[in-house]
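Let's walk through this model together, one question at a time. Keep the structure open beside you as we go.

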Amino acid sequence: MALYEHVFLARQDLSSQQVEALVEQYRGVIEAGGGSIGRVEHWGLKSLTYRVKKNRKAHYTLMDITAPAAAVHEMERQMGLSEDFLRFMTIRVEAHEEGPSAMMQKRDDREREGRFGDRPRFGDRDRGDRGDRGDRGDRGDRGPRRPREQVSEGAE
């Protein structure tokens, strides 16, 4: 059987209990098709980047699914007919992730892992790393300015 990750966005006016009931309803669809649902993560009510079907927020939920393709297609068909779902996406994966997803990890854990790589954060860098400009300001390796020429009275 194939492994899938399925994320759906449910309407903002649903309660958390109603979202959990939707998960259980589609768990039944998957199990009737010969599959199973492993990890289920409720990411909570989050703001959307843009309005989707007149909604500004949505309940985000992730499910790890082990099922034949026919069962997943049936679940997606039923979700498409329901008005409770704004969006959903199913991706086939090689293996399910162990532990919490990236959305559920604590913010400081992500920062400690260095999500910006080796790049220093703004304010953390040493002020002496501006190159070999010395005290010449932003002029770099250009020479000093020429003195201004006096403007003649008739040239204005």
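Q: Does S47 count as buried or exposed, and which is its relative accessibility?
A: Buried means under 20% relative accessible area, exposed over 50%, and partly exposed in between, using a 1.4 Å probe and protein chains only. S47 is found in strand β2 (residues 36-52); strands (E, at least two residues) and helices (H or I, at least four) are DSSP runs, numbered from the N terminus. S47 counts as exposed because its relative accessibility is 54%.

Q: What should I keep in mind about where these values come from?
A: This is a predicted model, in which local features need pLDDT of at least 70 and side-chain atom pairs count only at pLDDT 80 or more, while totals for chains, interfaces and linings use all residues. Residues are numbered from 1 along each chain as its sequence is written, and side-chain values use heavy atoms, with hydrogens and water left out.

Q: Which residues does S47 touch, not counting those up to four places away in sequence?
A: Contact here means heavy atoms within 4.5 Å. Y60 is 13 residues from S47 along the chain, and their C-alpha atoms are separated by 9.9 Å. With sequence neighbours up to four places away set aside, S47 touches R56, K57 and Y60.

Q: Why does the pair of F8 and F85 tie together parts of the chain, and how many residues apart are they?
A: Rings of Phe, Tyr and Trp (its six-membered ring) pair if their centres lie within 6.5 Å; planes under 30 degrees apart are stacked, over 60 edge-to-face, and the rest tilted. F8 and F85 are edge-to-face, at 5.1 Å centre to centre and 85° between the planes. F8 lies in strand β1 (residues 2-11) and F85 in strand β4 (residues 85-93), so the pair ties together parts whose separation in sequence is 77 residues.

Q: Which residues do ring pairs link into a cluster?
A: The rings of Y26 and F85 have centres 5.5 Å apart and planes at 70°, so this pair is edge-to-face. Y26 sits in helix α1 and F85 in strand β4, 59 residues apart. F8 counts as buried at 1% relative accessibility, and both Y26 and F85 are buried. Ring pairs join into a cluster F8, Y26 and F85.

Q: At what angle do helix α1 and helix α2 pack?
A: Axes are lines fitted to C-alpha atoms, for helices over the stretch in contact, and angles run from 0 to 180 degrees between N-to-C directions. Helix α1 (residues 16-32) and helix α2 (residues 69-81) have their axes 8 Å apart, and their packing angle is about 145°.
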